[in-house]
Each structure stands twice: as structure tokens, then as C-alpha cells.
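Please walk me through this model in the viewer, one selection at a time. I would like to know what to pick next and what is found there.

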There are 2 protein chains.
Amino acid sequence: MNGLHIFAVVGVGPVQQGDDLVELFLKALEEQGEKVLANDLVVVTSKVVAKSEGRVVSFDGSEAHKLDLIEQESVRVLRRRGSLRITETPHGFINANAGVDLSNTSDGTAVLLPTDPDRSARRFRADLRRVRNVDVAVIVTDTFGRVWREGVTDVAIGSAGIRPILDLRGTHDANGRLLEATEVAIADEIAGAANLVLGKALGTPFAVVRGLDQSFFGEGSVRENIVRSANDDLFR
Amino acid sequence: MNGLHIFAVVGVGPVQQGDDLVELFLKALEEQGEKVLANDLVVVTSKVVAKSEGRVVSFDGSEAHKLDLIEQESVRVLRRRGSLRITETPHGFINANAGVDLSNTSDGTAVLLPTDPDRSARRFRADLRRVRNVDVAVIVTDTFGRVWREGVTDVAIGSAGIRPILDLRGTHDANGRLLEATEVAIADEIAGAANLVLGKALGTPFAVVRGLDQSFFGEGSVRENIVRSANDDLFR
């Protein structure tokens, strides 16, 4: 059967600073009888990337401390409502609360976004090539809200080995007409697709996406290709 | 293999007003040796829905006519830049140029958004149940830009048989902690996932998504669950 196949890698335990993510990924993947193939794409959620890179800080659970952390992780606040902040991070992401993850509050910790998620993705890719001699693409994902639509979706915050935006401008449709638009943010579509198999409560920080079109693979990064500069932005 | 499988239905010809979309879908699907199964989800792009419903108007190719059409299809204009308009449609969608599709300009026509894409999805679902006695979910998709990120992604503009937003609030993560957030806009994640197999140039208005979690199926609509009311919106 043609098409895309997306599956979660289950059974990955808690991740600590210094853990080798590729080792954890391969162990869990191979224990479920799978292996990674050339032209697979591996999705890694930002939380385990951040934890392995030591982006965990103590958090006393107070509102004041929460707002401090958000401020530290932001370069700008676009909107405030109650204790919600819509922020711009040093990466150029616009998201809620600077991506500070307080869901570990019971531990007395908060998890920050990885410092350079594109670099994290490149490292995962290089490590996987080194230990399994296979070329995959990698996307690091996080959960963002949207401006005019309810609900959150997962998007790409880092990538390697994939063209984050696929430029279809200048190509022709089935009737030979020149297409309007469109640069498709395939990295974000892949991030969201992977979230459909990851869920939130299963301890599954990795997914494998198999069957992507060859044309998706190539150079680029989220920082260079997806982050919109303030100059091009009608809503900043 | 577990997980999600997504494939395009190829070989669907041009769609005209009055065409039976379910008939076109089944013919193309079955010609490629596939069939539709219970708990599949069928993705249908808005353009063929609009065409089958006669949402096609003549268009003289001029800038003035383009702006007229956008105005007719909008209830409000949020931003203007050159000939780009960021608009609110009668459905409550905020998108570029009120979703007016000018890519058929060489025909002297423009394609508008379906009037009620949730109803279109419900009709497709009911028709498929009637002719094949199978229960599937249906999502009608369109291509939207994003505020702070480059590139477009496909999102759900109509749905039937699926809960567009999955409420994970109050559930627990793998360590038994109460999860922060999050209502996940699975309908939009599915729409984007399907776009990864559809491309723009292949004449493939349908995709099948197989293997979605049972909990995804249920009641709701894009209009009720995903469209954010202006009151809840920090950027309108």
C-alpha cells in the first residue's frame, strides 16, 4: 500500500539530562520489532530534547515565579490575559508562555524550550547516521496555540534533513495551469501528523514517519525557513 | 504494523456542479484496489466540494474584480497589504482573500469556499453510509496561512463523525501527574497530515486516513468547536 505510515515508538522511560536520545529511541524502536530505514523521518518532542539538554529549572509553583520564568524566556510579550502571556522567544517563535512547560510542577521543576532546536535535530540525525549508518530526517516538535482557531497543534521547532517549506510556486496543476501560491509548511504538517499517534499521556516522545515524498528531503531549518521576520508580519 | 496510514485517492477527473462526490471517490478508490473501512476518515479538499456545490463564479482576471469577490465573501477585513486581504468569512474563518481561489483564472472562473462545509462533510458521510453501509468520519480541508510562521498548511473547514478537538484536560500523563492544557485540534492535524500525500499538482482531492484512535470519533463540527469567537480572541 502506498502513502504515509506513521507510528509511535512506545516504552521510552523518563529522560534525564545527559541521556543519549538516539540510544533511547533505537532501544525502544527495536524492542517493538521495528527498525529505522533510509528516508524515514523521526519526530522527537521538545520536552525530551530539553530534558536531555538540561533545560530544566526549579519552579516553586507560584504565579510570580511562573511569570519570572516566562519573562526570562521571552524577548517580547505581545499580549497578556490573566496569567497567560503570548510571547516571542529568542528563537523567534510566538507562542504561549514562552514555551515554558509547567506540567511537572509536582516535581518542583519546569522545562524550558531547547536553546537551538534545529541544532538538536541535526545532532540527532548525525548520531543516528553514526550508529546505524542510515540517513533520516528529524523534526523536533512542540505544542502551540493558534490565533483564530481553538485548540493546539504540534508544530516543528527544529528540523534537519528536510526542507521545512516546500515551494510549489511555478509548478502546474493537473490541467497544466500555473498554480497560485503556495509554499507548504510540510514540517508543521508532519509535526501535527505525528501528534495524532503520540497522544499526551503515553510516554511516547518519538514517532516515525515513513513514505514521505523524496522531494521533501533536503536542506533547511525551522529558524531559517519557517520563523517569519517581524517585517513580514501583519500581526506583530 | 500499528499506527496511522494515509493514502491519496488518485485518478479523480475534473469535478463539475452537481457531481456526486461519493460516487467519484468510490470509483477512484476502488479502481486503485482499495476500499473504505469502518473508522476510516476521508479527507476531501474544499475545492471539489465547492465545485460540486456550484460555488464557482465568473472572474474577469482584474484586480478590481478580485477585490470585489473578496469583499462579497467577507464579513470583515482585518489587514490589507497590496492586493492581499486578511479577512473574516461568514463561517468565522480568518484567512487570506476570504478563501477565494483564483487559480482557475485562465478559465475565467474563481472558486469560492463551500457555504457550509460542516454540512458538506455530513452529507458526504451520510451518502457513503447509504451506498456502502460503512461509517467513516469526514473532513473538508482548505489551505490557510498562519500569522507568525511562513508557509501554508491545510486545516479543517468542515467535519462530520469526528471530534474536531480532543479534550485531554484532566487526564494524566505517564507518571500519573495531571496534565496541563490541552485541547488538541486533531481535525487540523489530520487535515495537514492528508495534505502530505495530496500535493497540489496531482488531481487528488481525496485522501483516506486509517488507524485513528477510536476516541477521535464522535460528535462535533468545525464551526462549533474550532472557530474561535471574537470574544476569546486576543488578536482581532
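**Tour of the model**

Start with A:Ala207 and B:Ala207, which have the most contacts inside the largest nonpolar core, a set of 134 residues. Such a core is a set of buried Ala, Val, Leu, Ile, Met, Phe, Trp, Tyr and Cys residues joined through C-beta atoms within 7 Å; buried means that 20 or more other C-beta atoms, placed from the backbone, lie within 10 Å of the residue's own. This is a predicted model, in which local features need pLDDT of at least 70 and side-chain atom pairs count only at pLDDT 80 or more, while totals for chains, interfaces and linings use all residues. Residues are numbered from 1 along each chain as its sequence is written, and chains are lettered from A and ligands numbered from 1 in the order in which they are written.

Stay on A:Ala207 and show what it touches: among them are A:Phe7, A:Val43 and A:Leu198, not counting residues up to four places away in sequence. Contact here means C-beta atoms, placed from the backbone, within 7 Å.

Next, colour chain A by domain: domain 1 is 5-55 + 116-226 and domain 2 is 56-113, with bounds from an automatic or database domain assignment. Between them, 12 residues of domain 1 of chain A are in contact with 11 residues of domain 2 of chain A. On the domain 1 side, H2(A) gives the largest share, 4 residues.

Last, select strands S4, S5 and S6 of chain B, an open antiparallel sheet in the order S4-S5-S6. Strands are DSSP runs of E, at least two residues, numbered from the N terminus, and helices are runs of H or I, at least four; two strands pair if DSSP finds at least two bridges between them. S4(B) and S5(B) are joined by 5 bridges, and B:Val77 stands opposite B:Thr87 in S5(B).

How values were computed:
Two residues are in contact if their C-beta atoms, placed from the backbone, lie within 7 Å. A residue is buried if 20 or more other C-beta atoms lie within 10 Å of its own, exposed if 12 or fewer, and partly exposed in between; C-beta atoms are placed from the backbone.
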